[in-house]
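Welcome to the tour. Have your viewer ready, with a cartoon view and a way to select residues by number.

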Amino acid sequence: MIAHLDGLVASVAPEGAVIEVGGVGLLVQCSPGTLAGLRSGERAKVCTSLVVREDALTLYGFGSEDERNTFELLQTASGIGPRLALAMLGTFSPDALRRAVAAEDVTALTAVSGIGRKGAQRIVLELAGRLGSPGDGGGLAGVGSAGAAGAARVVGASLTWRDQVRTGLMNLGWQARDADQAIAMIEPEVTAGLAVGPDGGDSGTPARAVDVDVAAALRAALAVLGRT
């Protein structure tokens with residue numbers, strides 16, 4: 001079991017991140033919120049889960065132990081593999097997922113791409129009482145140089161929040177066209193009341209939000225795609 005990685009982020013791409021530890025670059029498939037907080041060239045610590053298959057050893061990375069533990073627990077439900085579990089954590093935080101299961105909110109669970117109504121009902125049946133109550137999760141582990149906050153926010157990053165949400169959606173299997181449409185729909189909501197960087201204004205260049213919650217924006221975009 002590889003419990004966590006602590007090293008230099010060598011690269012970040014839609015399929016995951018490469019973290020260099022002791023001179024070895026390890027490819028980690030990350031939850032969208034975690035991926036959004038990683039920066040190439042910066043040190044990062046991510047909690048990990050190793051999934052062993054006959055033809056592959058795959059590491060999955062998360063910004064907190066709670067998220068990692070929820071990922072592993074989700075896979076004990078019938079029909080839930082690592083990719084679908086990762087998609088669920090792209091749509092819901094662990095606490096939001098606990099609330100949905102506890103409330104038997106089948107409609108909310110079907111917002112995850114790949115989960116139909118019967119699948120959602122099965123998840124509720126099999127995981128009820130096993131995910132714990134909202135607020136039971138552990139504290140966040142550090143992600144990037146800014147710690148846990150780095151996983152949720154973009155502050156003067158080289159990529160805009162739109163880029164990171166788009167990457168997260170494509171990493172979950174959505175087409176670029178669908179991702180762009182969802183981002184356009186949620187943009188007024190996620191940027192309301194926020195200041196913009198020096199590239200905003202009348203120059204014709206899209207404004208960059210100073211403090212956009214990328215994880216929340218990603219969940220909002222997934223909710224839009226789930227409705228369509």
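Start with strands β3 and β5, which run parallel and are joined by three bridges. Here helices (H or I, at least four residues) and strands (E, at least two) are DSSP runs numbered from the N terminus, and two strands pair if DSSP finds at least two bridges between them. Select Gln 29 and you will find its bridge partner in β5, Tyr 60.

Before moving on, note that this is a predicted model: local features need pLDDT of at least 70, side-chain atom pairs count only at pLDDT 80 or more, and totals for chains, interfaces and linings use all residues. Residues are numbered from 1 along each chain as its sequence is written, and side-chain values use heavy atoms, with hydrogens and water left out.

Next, select residues 16–21 and 24–30, strands β2 and β3, which run antiparallel with five bridges joining them. Glu 20 has Gly 25 of β3 as its bridge partner. The two strands form a hairpin with two residues between them, and Gly 22 in the turn has a positive phi of about 60 degrees.

Buried means under 20% relative accessible area, exposed over 50%, and partly exposed in between (1.4 Å probe, protein chains only). Zero disulfides (pairs of cysteine sulfur atoms within 2.5 Å) turn up in a search of the whole structure.

Move to α6, residues 117–127. Its buried residues are Gly 119, Ala 120, Ile 123, Val 124 and Leu 127. What covers the buried residues includes α2, α3, α4 and α5. Just after the helix, Gly 129 has a positive phi of about 85 degrees.

Which residues does Ile 123 contact, beyond its neighbours within four places in sequence? They are Ile 80, Met 88, Val 101, Leu 109, Ile 115 and Ala 128, where contact means heavy atoms within 4.5 Å.

Finish with the largest nonpolar core, which has 27 residues; Phe 71, Leu 74, Ile 80, Met 88, Leu 109 and Ile 123 touch the most other members. Such a core is a set of buried Ala, Val, Leu, Ile, Met, Phe, Trp, Tyr and Cys residues joined through side-chain atoms within 4.5 Å.

Note on methods: A disulfide is a pair of cysteine sulfur atoms within 2.5 Å.
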